[in-house]
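Q: I have a structure open and would like to go through it bit by bit. Can we start with a charged residue and move on from there?

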Amino acid sequence: MIDTAAPSTPPPQGPIPESELDPRLKALLEYWRGKCSPGRLPARADIDPLELKSLLGNINLIEAVPQPDGTRRFRYRLFGTEFVFYHGGDLTGQWVDQIGNAVYRQQLVGLYEHVIATGATPMLSYDYILDSRRHRFQAVILPLASDGREIDMILSSGLPVGIY
């Protein structure tokens, strides 16, 4: 098991409408939409990190890895430096199913499976408890597909939007 500080109140807590998204996440969503073409999702290769400079520390790339039994596992290809701060460790290269907090792990795997199955772009609000303070986050989860159709990677970004 990966030993990281997992949130006391695991995400996601709930969907939010696009109109309530932080402007930086709205910009990321528009950037992603601009990389889509009719009937095709963008690939990881379509995403230019230099175009996302202001969000780089808040971006995770999650690879969907097919397993011999027909299931899939999710691995962090990139775990943004801001997430390293909140989790107390870098999960780059680690499997999501090895996160120690079972509820958090199950919610993440369920969220990623939903994105793979439906192509949805969830927009979420969630709280993270750090130093006895509630940090409110917003996040967007965006599917990527090497061939334009079959989702094989997920781009996510989460930003703190308040402390209570």
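Q: What is the nearest side chain of opposite charge to arginine 105, and how many Å away is it?
A: The nearest one is aspartate 97, 6.9 Å away. Arginine 105 is buried yet has no salt bridge. Lys and Arg count as positive here, and Asp and Glu as negative, while His and the chain ends are not counted. Buried means under 20% relative accessible area, exposed means over 50%, and partly exposed lies in between (1.4 Å probe, protein chains only). A salt bridge is a side-chain nitrogen of Lys or Arg within 4 Å of a carboxyl oxygen of Asp or Glu.

Q: Where do these numbers come from?
A: This is a predicted model, in which local features need pLDDT of at least 70 and side-chain atom pairs count only at pLDDT 80 or more, while totals for chains, interfaces and linings use all residues. Residues are numbered from 1 along each chain as its sequence is written, and side-chain values use heavy atoms, with hydrogens and water left out.

Q: And pLDDT, what is the mean for the chain?
A: The mean is 89, and 92% of the residues reach 70 or more. pLDDT is the predictor's confidence in each residue, from 0 to 100.

Q: Where does pLDDT stay under 50?
A: Over residues 1-12, for which the model has 36 contacts beyond four places in sequence. Contact means heavy atoms within 4.5 Å. Where pLDDT is low, the predicted coordinates should not be read in detail.

Q: Back to arginine 105. Which helix does it lie in?
A: Arginine 105 lies in helix H3, residues 102-118. Helices (H or I, at least four residues) and strands (E, at least two) are DSSP runs, numbered from the N terminus.

Q: Which backbone oxygen lies 2.5 Å from a polar atom of the arginine 105 side chain?
A: That of isoleucine 99. A polar contact is a pair of N or O atoms within 3.5 Å; within protein, one must be able to donate a hydrogen and the other to accept it, and residues adjacent in sequence count only if both atoms are side-chain atoms.

Q: So what does aspartate 97 pair with in a salt bridge?
A: Its side chain meets that of arginine 73, at 2.8 Å, N to O. Arginine 73 lies in strand S3 and aspartate 97 in the loop between H2 and H3, so the pair ties together parts that are 24 residues apart in sequence. Arginine 73 is partly exposed at 23%, and aspartate 97 is partly exposed at 31%.

Q: How many salt bridges does the count come to?
A: It comes to 10. One of them joins arginine 77 and glutamate 63, at 3.7 Å, N to O. Arginine 77 is in strand S3 and glutamate 63 in strand S2, so this pair ties together parts 14 residues apart in sequence.

Q: Is glutamate 63 buried or exposed?
A: Buried, with a relative accessible area of 17%. Arginine 77 is partly exposed, at 46%.

Q: What does arginine 136 form a salt bridge with?
A: Aspartate 127, with the closest N and O atoms 2.3 Å apart. Aspartate 127 is buried at 1%, while arginine 136 is partly exposed at 26%. Elsewhere, salt bridges that share partners join Glu18, Glu30 and Arg33 into one network.

Q: New topic. How many residues has the largest nonpolar core?
A: It has 46, and those with the most contacts inside it are Leu28, Phe74, Tyr76, Tyr112 and Ile154. Among the elements that give two or more residues to this core are helix H1 (23-35), strand S3 (72-79) and strand S6 (153-163). A nonpolar core is a set of buried Ala, Val, Leu, Ile, Met, Phe, Trp, Tyr and Cys residues joined through side-chain atoms within 4.5 Å.

Q: What is tyrosine 76 in contact with?
A: Leaving aside neighbours within four places in sequence, its contacts include Ile62, Val96, Ile99, Leu108 and Tyr112.

Q: Now loops. Where is serine 132?
A: In the loop between S4 and S5. Serine 132 is exposed, at 76%, and has a positive phi of about 60 degrees although it is not a glycine.
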